[in-house]
Amino acid sequence: MLRGILTIFRKEMEDHFSSTRFLLISALIVMVGVIIASMVGMGIQEELKGMAKPTLIFLLLFTATGKLFSFVQFIGFFGPLIGIILGFDSINRERVSRTLSKLVSQPIYRDSIINAKFLTGVVTIAIVLVAIVLIISGLGLRLIGVVPGSEEVLRLLIYLIISILYIALWLGISILFSVIFRSTATSALASLAVWIFFSFFVGLGAGVLADALAPIPQSGTQVDPEIILKHERVQRIASSFSPMTLYSEATNTILDPMRKTTRGLILMGPLERLSLTRFQNPLPLFQSMIIVLPHLISIIALTFLCFGICYYIFMRQEIRTV
Amino acid sequence: MPYFSTWGEDKVEGQAIIIAEGLTKTYGSQVAVNHLSLQIFEGEIFGFLGPNGAGKTTTLLMFLGLTEPTSGSAKICGFDPSREPIRVKERVGYLPENVGFYDDMDARQNLQYIARLNHIPDSVSSKRIDEVLHLVGLLEEAKKKVGTYSKGMRQRLGIAEVLLKEPKLLFLDEPTIGLDPDGTNRMLDLIRSLSRERQITIFLSSHLLDQVQRICDRVGIMINGNLVAVGPIEELGKKKLGVEKEHYTLEEIYMKYFKEA
């Protein structure tokens, strides 16, 4: 059982790391990551001058927006592309080249094929992400000269795990399309369409939906806070259908200890506001984790759901040469 | 050319390596294979004939456990392919029609991958790969990428690949289709030598009748999912054409069955 998986795993790994398109996209992502981090790093360097004991600076490398966008936002947008590129032709390429019927007639369980392909993708994603984060950390160490504390390292580690799961979700989606569609071009386009839909249009659609369900009056000085709250709630629920929203909320919260909620808008009374400004302390790691737990579970559930559907369809498919 | 002469019948006495009983496969309302009952004996070369779409490939897929029969059962090398497909696949080699390879790898890498999937340790497989490449005459071209191979070379590499697991039984689906005359001859010689020198039972599915006649001990004719005839060519000829002829061609016999169906 395991032997078959390991053999396929080994071959797929070799394939990924010798495939031009994978190397190109990884190089691109590493390059952009390094550019963002060095821009942010130089900015931090300026601001740190004269500060005696800076705390919680290191993670700013990943979360500060700099001139364009932060590294975390960048991975949220373009990370899915790694997953899609690793998965969109994993099954149908073998179907087109007629190697799939040969593979299933070897003495291995049929599910080893799909398990191994998914596993290879996840491991490859992990390698790429860990490499990028290490490169940026090394760069950051040189640029800002601040050593991260153990809590920051732990936060980065959790960030990595969430990111791997998030990109694995997109890997699952693209493998699903490669099982369903016979043509690699179709499965690539379908994966891209889903990516664009969930990453861009769900956010827009959530705004439109919120405007329709709970319109905020344009004129008039006094707007009922209830309406604003309702508007916000509708928008939040609608946009949480997008894995990208889930991911960016979760990672922003885990990497920024000063954030105490995943929400964008908080309504608070004068006393709460007072307490917030007076007790500006970072949240302990455990508390941050509790806040992002629902998001994390949603991402894991989506990933497993996707892989489950994929597995089910693949196991039931007729393998024919013609 | 007495390839289907008396010694073929001695072999029929041997042990059955394929036993199919009432094997049926339907896709919706369409019957692909209809109550197929058949026995193939160890060491013989069996030609499985029929027009395109007669259900030959479906039968092969059921024998390998790659598709579930709707009803009926099969025993391949003593194992039920729908219950223990792994055991069957360990013992049986299957060369699909127009077999595919990983075109960006060379012949040896392709074979090594398949050897590993068959749990053959690398120390054993490296020797065995040389041996099978030599047997199919591709040892010289082993370092070339398979993408550059001709059709005939790919087919021979396919044979090399199924031999890696040292099978007792080979399913060959249209092994000579699309080959030039020279390639066809080499392929048929190869198949015959596998049967004679390695005692591998060969189940050959084809619609190229003259080639089947050249190498097969017994044939089965499948039309529209029904197995209409099984037996040595001579016997079928006597039965169907009636006249005492010196030599029956498979084509005459086949066309007779085909017109009746």
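A crossing of two helices is called left-handed if the near helix is turned anticlockwise from the far one by less than a right angle, and right-handed if clockwise. By that rule α7(A) and α8(A) cross in a right-handed way. This is a predicted model, in which local features need pLDDT of at least 70 and side-chain atom pairs count only at pLDDT 80 or more, while totals for chains, interfaces and linings use all residues. Residues are numbered from 1 along each chain as its sequence is written, and chains are lettered from A and ligands numbered from 1 in the order in which they are written.

**Chain A overall**

- Chain A has 13 helices and zero strands; helices (H or I, at least four residues) and strands (E, at least two) are DSSP runs, numbered from the N terminus.
- The C-alpha atoms of chain A fill a box of roughly 70 × 50 × 30 Å along the principal axes.
- Of the 322 residues in chain A, 38% are buried; a residue is buried if 20 or more other C-beta atoms lie within 10 Å of its own, exposed if 12 or fewer, and partly exposed in between, with C-beta atoms placed from the backbone.
- Among contacts in chain A with a separation of 6 or more, 85% join residues 24 or more positions apart; two residues are in contact if their C-beta atoms, placed from the backbone, lie within 7 Å.

**Helix pair α7 and α8 of chain A**

- Helix α7 (residues 110-144) and helix α8 (residues 150-180) of chain A have axes that come within 9 Å and cross at roughly 140 degrees. Axes are lines fitted to C-alpha atoms, for helices over the stretch in contact, and angles run from 0 to 180 degrees between N-to-C directions.
- That angle makes α7(A) oblique to α8(A); angles under 35 degrees count as roughly parallel, over 145 as roughly antiparallel, 65 to 115 as roughly perpendicular and the rest as oblique.
- The contact includes A:F118, A:I125 and A:L129 of α7(A) and A:L160, A:I164 and A:L171 of α8(A).
- By class, the residues of this contact of α7(A) with α8(A) are 14 nonpolar, two polar and one charged. Ala, Val, Leu, Ile, Met, Phe, Trp, Tyr, Cys and Pro count as nonpolar, Asp, Glu, Lys and Arg as charged, and the others, Gly among them, as polar.

**Helix pair α9 and α10 of chain B**

- The axes of α9 (residues 233-241) and α10 (residues 250-260) of chain B come within 10 Å and cross at roughly 50 degrees, which makes α9(B) oblique to α10(B).
- The crossing of α9(B) and α10(B) is left-handed.
- Residues making the contact include B:I233 and B:L236 of α9(B) and B:I253 and B:Y257 of α10(B).

**Contact between the chains**

- Chain A gives 17 residues to the contact and chain B gives 21 residues.
- On the side of chain A that touches chain B, α1(A) gives the most, with four residues.
- That side of chain A has four nonpolar, eight polar and five charged residues.

**Nonpolar cores**

- The largest nonpolar core has 73 residues, and B:L64, B:A160 and B:F171 are among those that touch the most other members. A nonpolar core is a set of buried Ala, Val, Leu, Ile, Met, Phe, Trp, Tyr and Cys residues joined through C-beta atoms within 7 Å.
- Helix α4 (residues 107-117) of chain B gives the most to this core, with six residues.
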